[in-house]
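The stops below are given as selections, in order.

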Amino acid sequence: ADSHDGRSPILAFMELLAGDKTLTALDLSMNALDKGAALVLESSLRGHSQMARIDLSRNHIGLVESRSLLRLLAHPGTPELRRILIDESSGCAADVPNTELFDEDPSGRY
């Protein structure tokens, strides 16, 4: 559902998280987060030095979203962040091409 200005209410909420640096845990499970949500979350939570755990279970977490979450885990502004839960999340299988390891010709100049 969109708010009156066309933005998703959950994305608007996630943008506001940038202003609260006291959070230690965040549960956004089962919020129907879409493809832009992980990037918004990454941007909003940089600098949250006390954030230790984020639960994004039961949302769409694909390859692109995973990259945003990995960058957030590695960011120096989130030194306490140790766990990002993505249990029962969908999206990863749809983002990865259905190829076997040796389906393509590996020859070439490297």
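**Before selecting anything**

This is a predicted model, in which local features need pLDDT of at least 70 and side-chain atom pairs count only at pLDDT 80 or more, while totals for chains, interfaces and linings use all residues. Residues are numbered from 1 along each chain as its sequence is written, and side-chain values use heavy atoms, with hydrogens and water left out.

**Whole chain**

Colour by secondary structure. The protein has 4 helices and 5 strands, and the order along the sequence is α-β-α-β-β-α-β-β-α. Helices (H or I, at least four residues) and strands (E, at least two) are DSSP runs, numbered from the N terminus.

Of the 110 residues in the protein, 34% are buried. Buried means under 20% relative accessible area, exposed means over 50%, and partly exposed lies in between, using a 1.4 Å probe and protein chains only. Among contacts with a separation of 6 or more, 77% join residues 24 or more positions apart; a contact means heavy atoms within 4.5 Å.

**Select 37-45: helix α2**

How many of the 9 residues of α2 are buried? The count is 7, so the helix is largely enclosed by the rest of the structure. Show side chains for Ala37, Ala38, Val40, Leu41, Glu42, Ser44 and Leu45, the buried residues of α2. The cover over them includes α1 (9-16), β1, β2 (53-55) and α3. Just after α2, glycine 47 has a positive phi of about 90 degrees.

**Select 9-16: helix α1**

In α1, the buried residues are Ile10, Leu11, Ala12 and Met14. Their cover includes α2. Step back to serine 8, which sits in the segment before α1. Serine 8 is buried, at a relative accessible area of 18%. Draw a C-alpha distance from serine 8 to aspartate 34: the two are 26 residues apart in sequence and 9.6 Å apart in space.

**Select 63-74: helix α3**

Helix α3 has 12 residues and reaches 17 Å from its first C-alpha to its last, close to the 16 Å expected at 1.5 Å a residue. The expected span is 1.5 Å times one less than the number of residues.

Show Glu65, Ser68, Leu69 and Leu72, which are buried in α3. Seen down the axis of α3, the buried residues fall within an arc of 95 degrees, so they line one face of the helix. The arc is that of the directions from the helix axis to the C-beta atoms. An α-helix has 3.6 residues a turn, so residues three or four places apart point the same way. Turned away from the buried side of α3 is a face with the exposed residues Val64, Leu70 and Ala74.

**Select the cavity lining**

There is 1 cavity of 30 Å³ or more, and the largest cavity holds about 50 Å³ of space. On a 1 Å grid over the protein atoms alone, a cavity is a set of points where a 1.4 Å probe fits but cannot get out, and lining residues have an atom within 4 Å of a point. Grid points are joined across faces, edges and corners, and a volume is the space filled by probe spheres set on the points.

Which residues line the largest cavity? Select Met14, Leu33, Asp34, Ala37, Ala38, Leu41, Leu56, His60, Ile61 and Glu65. The elements giving two or more residues to this lining are α2 and β3 (60-61). The largest share, 3 residues, comes from α2. By type, the lining residues divide into 7 nonpolar, 1 polar and 2 charged. Ala, Val, Leu, Ile, Met, Phe, Trp, Tyr, Cys and Pro count as nonpolar, Asp, Glu, Lys and Arg as charged, and the others, Gly among them, as polar.

Methionine 30 and lysine 35 are both in the loop between β1 (25-27) and α2. Methionine 30 has a positive phi, near 55 degrees, in a residue other than glycine, and counts as exposed at 57% relative accessibility. Lysine 35 is exposed, with a relative accessible area of 58%. The C-alpha atoms of lysine 35 and histidine 60 are 7.2 Å apart, at 25 residues along the chain.

The last stop is glutamate 88, in the loop between β4 (83-85) and β5 (90-91). Its phi is positive as well, near 55 degrees, and glutamate 88 is exposed at 64% relative accessibility. Most residues other than glycine have a negative phi.

Terms used:
On a 1 Å grid over the protein atoms alone, a cavity is a set of points where a 1.4 Å probe fits but cannot get out, and a pocket is an open set with protein on both sides within 12 Å along at least five of seven lines; lining residues have an atom within 4 Å of a point.
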